[in-house]
Amino acid sequence: MRKIYLLAFFSLVFFTITKAQESNETLVIVKGKMLKATDSTTLEGNILYEKLPYYDDMGMTSAKSDGSFEMNLVKGESYNLSVTKNGFKKFTQEIKVEGDQTFNIYLIEDIVELMKLENLIFSRGSDQISSSSFQELDELALYLNENPTLIIQLEGHTDFAGNPDANMRLSEARVLAVKDYLIAKKVKKNRIFTKAFGGTQPVTQERTDEAKALNRRVEVRFIRR
């Protein structure tokens, strides 16, 4: 029985010392600024920190309007820092906390890509998609379904001849027709935005038939990866 008491006593002492050691962890200040990588413009946003290797301590701090952030981390530990911000690539970095330190977080903008649907054909003055356009739209739908993090904006344009209001309505009807086609191919509708420009953004000011054909277009803008 005495051995049991002694074992329980030493176990309690060990537990107490361990907890005391844990409570004596030294916190240091890690601070800096969140900046745009291209021109060092200050950015606001949330920074998630997670203690490695077990992620047993985590928290979040915010970069203010001047880009500055500050967090209290345990000296001698390693942390993974991550930032997810719309319009920018996800940032992750591992740091070793040696003491009070300052460093900056640089976020890289997502490349916004614009792609013209070269083979998209509508009946004249209509939002009816020609069957010859189906292959290109099927390929776009397949690409989107294989890359589920992609979000797109369909942008509709007409030539600048004719009534501006009618052109705006037509360009809107055409991008909605393309959206409906993609949804029918199992692309989630909340991944597809639309915008109509009518004839306000021509690629050429010439008035030849060829020039008008260039101005009548639907473009796909990839706005998130």
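Which residues lie nearest the centre of the largest pocket? Select Gly125, Asp159, Arg174, Lys212 and Arg216 to see them. You are looking at a predicted model, where local features need pLDDT of at least 70, side-chain atom pairs count only at pLDDT 80 or more, and totals for chains, interfaces and linings use all residues. Residues are numbered from 1 along each chain as its sequence is written, and side-chain values use heavy atoms, without hydrogens or water.

**Stop 1: the pocket**

The largest pocket is lined by 21 residues and has a volume of about 510 Å³. (A pocket is an open set of points on a 1 Å grid over the protein atoms alone, where a 1.4 Å probe fits, with protein on both sides within 12 Å along at least five of seven lines; lining residues have an atom within 4 Å of a point. The volume is the space filled by probe spheres set on the points.) Now colour helix 3 (164-184), helix 4 (209-215) and strand 12 (217-224), each of which supplies at least two residues of the lining. (Helices are DSSP runs of H or I with at least four residues, strands are runs of E with at least two, numbered from the N terminus.) The lining divides into eight nonpolar, four polar and nine charged residues. (Asp, Glu, Lys and Arg count as charged; Ala, Val, Leu, Ile, Met, Phe, Trp, Tyr, Cys and Pro as nonpolar; the others, Gly among them, as polar.)

**Stop 2: Thr158**

Next, pick Thr158 in the loop between strand 10 (151-157) and helix 3. Thr158 is buried, with a relative accessible area of 3%. (Buried means under 20%, exposed over 50%, partly exposed in between, with a 1.4 Å probe and protein chains only.) Show Gly198 as well: it is 40 residues away in sequence, yet the C-alpha atoms are 5.1 Å apart. Beyond its neighbours within four places in sequence, Thr158 has contacts that include Asn167, Leu170, Asn215 and Arg216. (Contact means heavy atoms within 4.5 Å.)

**Stop 3**

Finally, display the four-strand open sheet, with order 3-2-5-6 and antiparallel pairing. (Strands pair if DSSP finds at least two bridges between them.) Strand 3 (58-63) and strand 6 (91-96) each have a single partner strand, so one side of each lacks a neighbour in the sheet. Strand 2 (residues 45-51) pairs with strand 3 over six bridges; look for Tyr49 with its partner Gly59. Four bridges join strand 2 to strand 5, where Lys51 partners Tyr79. Strand 5 (residues 78-83) has six of its six residues buried. Its six bridges to strand 6 bring you to Ser82, opposite Thr92.
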